[in-house]
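Have the sequence and the 3D view open as you read.

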Amino acid sequence: MVQEQAAVIIVGAGPSGLATAACLNLHSIPYMILEREDCFASLWKKYAYDRLHLHLDKQFCVLPHIPFPHSYPRFISKQQFLSYLDDYVSHFNITPLYRRCVELAKFDEASNKWIVKARNLACGEVEDFTGRFLVVATGETSNPYTPEIQGLDTFPGDVLHSTQFRNGKAFTGHNVLVVGSGNSGMEIALDLANNGANTSIVVRSPVHILSKQMVCLGLILLKYIPVNMVDTLMVMLSKLVYGDLTKYGIIRPKEGPFFMKVAYGKYPVFDQGTYNKIKSGEIQVLPAISSIKGNEVMLENGKTHPFYTIVFCTGFKRSTNIWLKGDDYLLNDDGIPKPSVPNHWKGKNGLYCVGLSRRGLYGLNADAQNIANDINSLL
């Protein structure tokens with residue numbers, strides 16, 4: 001049984017963990033990162049579709065202390081972001097311990113330290129790690145979630161999660177159903193339609209559709225005026241640009257887009273061209289699924305449609321509640337902070353979380369700096 005110690009144990013080597021490591025590095029605070037995958041930023045490197053770009057202006061997506069190259073465009077591609085992360089890791093000499101799957105983390109009052117047990121997936125051995133501080137950096141998108149649907153096991157075609165989808169080239173001429181109308185669902189549906197697939201998308205809940213420019217304007221305005229005023233403007237602009245969405249099967253929520261983001265973690269859709277495909281009929285909007293029988297998908301409106309492939313863009317679940325023990329203050333059962341912003345990042349007994357406040361890369365930047373500064377003040 002391997003035993004290692006550091007002042008800080010970081011769980012997760014995604015952008016949140018890397019940002020925290022960089023900030024600790026600047027304070028010369030020793031740390032270790034435990035990562036269950038075989039690389040850092042695995043969601044970006046291994047589980048993201050090809051056409052993915054950061055949905056926000058690069059000024060809202062930069063990690064602490066290292067700016068994006070001046071040559072980068074306003075909206076950065078997946079490959080550009082990965083190149084930036086490669087340079088970031090190299091600059092701060094960040095060396096995660098890979099293929100370590102954390103199975104237990106608990107605070108030991110006798111030693112005043114966190115004890116973390118992680119399985120080394122390379123050899124199967126459980127290793128022990130101890131640290132005065134524990135940072136949960138496992139992200140909002142840790143475990144892919146596919147809902148249970150009656151008859152899904154009878155579907156003869158491919159059933160994919162968005163993390164398994166790369167591009168639509170293999171689906172030309174096929175009937176493909178995308179389930180989920182968030183940003184991944186809308187963008188994957190667009191990619192399928194662009195590649196000649198007969199594309200349908202299930203839009204079960206009301207959704208705001210905004211352009212990237214609208215969202216960037218809203219984020220700037222939020223610094224100066226209340227969220228309800230910004231939301232009123234966003235809805236007004238959306239109606240002006242996109243018109244009445246109900247004739248295409250899409251309903252706008254009664255609550256504003258930025259309010260919903262803060263209250264429920266529900267992002268508005270950043271339109272990349274999907275709206276025009278829906279408007280032209282190249283993408284068909286369908287209501288919720290009631291059941292599946294073979295390749296026939298039964299909808300709640302009673303109609304059935306045959307499909308070749310189903311792509312579930314239904315999000316993720318967090319597993320923190322399974323391995324983190326003794327915390328009844330910081331994180332809820334879904335792995336989201338209980339305290340509200342701006343006090344969401346700090347728990348008790350040296351426990352912290354970064355990148356879990358549903359504020360994306362912009363939020364984790366501030367979290368990482370706050371955590372490193374706080375730990376530095378306690379040492």
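Predicted model: local features only at pLDDT ≥ 70, side-chain atom pairs only at ≥ 80, totals over all residues.

## Helices side by side

Two packed helices are described by the angle between their axes and the distance between the axes. Let us start with helix α1 (residues 15-26) and helix α3 (residues 78-91): their axes come within 11 Å and cross at roughly 30°. Angles under 35 degrees count as roughly parallel, and α1 and α3 are therefore roughly parallel to each other. Their crossing is left-handed.

Now turn to helix α5 (residues 212-221) and helix α6 (residues 227-242). Here the axes are 10 Å apart, and the packing angle is about 165°. That makes α5 roughly antiparallel to α6, since an angle over 145 degrees counts that way. The crossing of α5 and α6 is right-handed.

## Salt bridges

Side chains of opposite charge can pair when their charged atoms come close. The structure holds 13 salt bridges. One of them joins the side chains of E37 and K46, with 2.8 Å from N to O. E37 is buried, because its relative accessible area is 16% and buried means under 20%. K46, at 28% relative accessibility, counts as partly exposed.

Another salt bridge brings together the side chains of E282 and K277, at 3.1 Å from N to O. In this pair, E282 is partly exposed at 41% relative accessibility, while K277 is buried at 17%.

Which residue forms a salt bridge with K346? The partner is D374, and the closest N and O atoms are 3.1 Å apart. K346 is partly exposed, with a relative accessible area of 33%, and D374 counts as buried at 14%.

## A nonpolar patch on the surface

Finally, look at the surface around L222, V227, F259 and Y264. These residues form a nonpolar patch, and together they have about 320 Å² of accessible area. One of them, Y264, lies in helix α7 (residues 257-264). Y264 is partly exposed, with a relative accessible area of 43%.

Methods
Residues numbered from 1 in each chain as written. Heavy atoms only, no water. Patch = residues over 30% accessible without salt bridge, like charges linked within 9 Å, V, L, I, M, F, W, Y side chains within 5 Å. Areas by Shrake-Rupley, 256 points an atom, 1.4 Å probe, with all protein chains shown as cover. Salt bridge = Lys/Arg side-chain N within 4 Å of Asp/Glu carboxyl O. Helix = DSSP H or I, 4+ residues; strand = E, 2+ residues; numbered from the N terminus. Buried < 20%, exposed > 50% of the residue type's maximum accessible area, 1.4 Å probe, protein only. Axes fitted to C-alpha atoms, helices over the stretch in contact; angles between N-to-C directions. Parallel < 35°, antiparallel > 145°, perpendicular 65-115°, else oblique. Left-handed = near helix turned anticlockwise from the far one by under 90°.
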